[in-house]
Amino acid sequence: MSEENKKQWKETGGFAQDSEVAQVVCKEEDLDQWDDEADKAGLSRSKYLYKLIQEGRAYREHGAMRSGGDQKRIQELKEEVAELEQRLQEKESESSAAISFEPDTLRNVLTDQYQELDEILRSIVESGVLDEALRQPVENQLYFLAAQDEVDYERGWGWKLTEDNGGDD
C-alpha cells in the first residue's frame with residue numbers, strides 16, 4: 001500500500017495517524033467465530049482481535065501462561081488456601097478459649113485462710129468478674145458454629161443445637 005493510500009485509508013476509516021494495518025491469515029471458521037464473538041462484545045473485528053492480543057500479552061508478561069506449571073501451581077495455591085483457612089479456624093478457637101483476668105481478681109478472692117481451688121473458682125465465678133472475659137469468646141464461638149450450621153438462634157429464645165447436631169425440637 002502506498003503512503004498516499006495509507007494516509008487516505010486512515011482518514012477515511014477514522015484511524016489515528018500512528019495506526020497501521022496488521023493482516024491475519026486464518027481459517028474461515030475461525031474468522032466467523034471471531035466475528036460472532038466481536039458482535040457479542042459490541043466491537044469491530046479489528047478492536048476485538050486487538051483486545052485479545054493485548055490480553056494475551058499481559059498474561060504472558062505476568063507469568064499467567066507459563067507452560068505446564070499452571071495447573072500444578074493452581075493446585076498448590078488451593079492447598080495453601082485450605083491450610084490457611086484451617087489455621088485461621090484453629091486460631092479463632094484458641095483465642096476464644098483463652099481467658100485472662102487481672103491478678104487483682106485473685107487478690108480480692110484470696111484471704112488469710114487456705115482455700116481449695118474449687119472454692120477459689122466458685123468465688124471468682126460468683127463475683128461476676130469472668131462474665132465479661134467469657135462473654136466475647138462464647139459469643140464468637142456461637143456465631144462461628146451458626147456459620148457452620150451447627151447451632152440456631154431465635155430472638156427471644158436464644159441458642160440451640162441444630163437438629164442435625166442432636167438438638168430436640
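Reader: What is the mean pLDDT of the protein chain, and how many of its residues reach 70 or more?

Author: This is a predicted model, and the mean pLDDT of the protein chain is 80, with 85% of its residues reaching 70 or more. Confidence is lowest in helix α1, residues 3–13, where the mean is 72, and highest in α2, where the mean is 92. Where pLDDT is low, the predicted coordinates should not be read in detail.

Reader: Which elements make up the secondary structure of the protein chain, and how do they run from the N terminus on?

Author: The secondary structure comes to seven helices and two strands, and from the N terminus on the elements run α-α-α-α-α-α-α-β-β.

Reader: What makes α2 roughly perpendicular to α3?

Author: The axes of helix α2, residues 28–41, and helix α3, residues 45–61, come within 9 Å and cross at roughly 95°. Angles of 65 to 115 degrees count as roughly perpendicular, and therefore α2 is called roughly perpendicular to α3.

Reader: Which residues meet where α2 and α3 are in contact, and how many of them are nonpolar, polar or charged?

Author: From α2, the residues Leu31, Trp34, Asp35, Glu37 and Ala38 meet Arg45, Tyr48 and Leu49 of α3. Sorted by class, this contact of α2 with α3 has five nonpolar and three charged residues, and no polar residues.

Reader: How many aromatic pairs are there, and what makes the pair of tyrosine 143 and tryptophan 159 edge-to-face?

Author: The count comes to two aromatic pairs. In the pair of tyrosine 143 and tryptophan 159, the distance is 5.4 Å centre to centre and the angle between the planes is 90°.

Reader: Why do tyrosine 143 and tryptophan 159 both count as partly exposed?

Author: Tyrosine 143 has a relative accessibility of 49%, while tryptophan 159 has 31%. Because buried means under 20% and exposed means over 50%, with partly exposed in between, tyrosine 143 counts as partly exposed, and tryptophan 159 counts as partly exposed too.

Reader: Why is the pair of tyrosine 153 and tryptophan 159 called tilted?

Author: The ring centres of tyrosine 153 and tryptophan 159 are 4.8 Å apart and their planes lie at 50°. Since planes under 30 degrees apart count as stacked and those over 60 as edge-to-face, with the rest tilted, this pair is tilted. Ring pairs link Tyr143, Tyr153 and Trp159 into a cluster.

Reader: What is stated about phi of aspartate 149, and why does aspartate 149 count as exposed?

Author: Phi of aspartate 149 is near 60°, which is a positive value in a residue other than glycine. Aspartate 149 is found in the loop between α7 and β1, the latter at 151–154. Its relative accessibility is 58%, and because exposed means over 50%, aspartate 149 counts as exposed.

Reader: How do you know that leucine 130 is buried?

Author: Leucine 130, which lies in helix α7, has a relative accessibility of 16%. Buried means under 20%, and therefore leucine 130 counts as buried. Of the 169 residues of the protein chain, 9% count as buried. Leucine 130 and threonine 105 are 25 residues apart in sequence and 9.7 Å apart in space, C-alpha to C-alpha.

Reader: Why is asparagine 108 called exposed, whereas lysine 7 is called partly exposed?

Author: Asparagine 108, found in helix α5, has a relative accessible area of 67%, so asparagine 108 is exposed, the cut-off for exposed being over 50%. Lysine 7, found in helix α1, has a relative accessible area of 43%, and therefore lysine 7 is partly exposed.

Notes. Residues are numbered from 1 along each chain as its sequence is written. This is a predicted model: local features need pLDDT of at least 70, side-chain atom pairs count only at pLDDT 80 or more; totals for chains, interfaces and linings use all residues. Side-chain values use heavy atoms; hydrogens and water are left out. Axes are lines fitted to C-alpha atoms, for helices over the stretch in contact, and angles run from 0 to 180 degrees between N-to-C directions. Helices (H or I, at least four residues) and strands (E, at least two) are DSSP runs, numbered from the N terminus. Angles under 35 degrees count as roughly parallel, over 145 as roughly antiparallel, 65 to 115 as roughly perpendicular and the rest as oblique. Contact means heavy atoms within 4.5 Å. Ala, Val, Leu, Ile, Met, Phe, Trp, Tyr, Cys and Pro count as nonpolar, Asp, Glu, Lys and Arg as charged, and the others, Gly among them, as polar. Rings of Phe, Tyr and Trp (its six-membered ring) pair if their centres lie within 6.5 Å; planes under 30 degrees apart count as stacked, over 60 as edge-to-face and the rest as tilted. Buried means under 20% relative accessible area, exposed over 50%, partly exposed in between (1.4 Å probe, protein chains only). pLDDT is the predictor's confidence in each residue, from 0 to 100.
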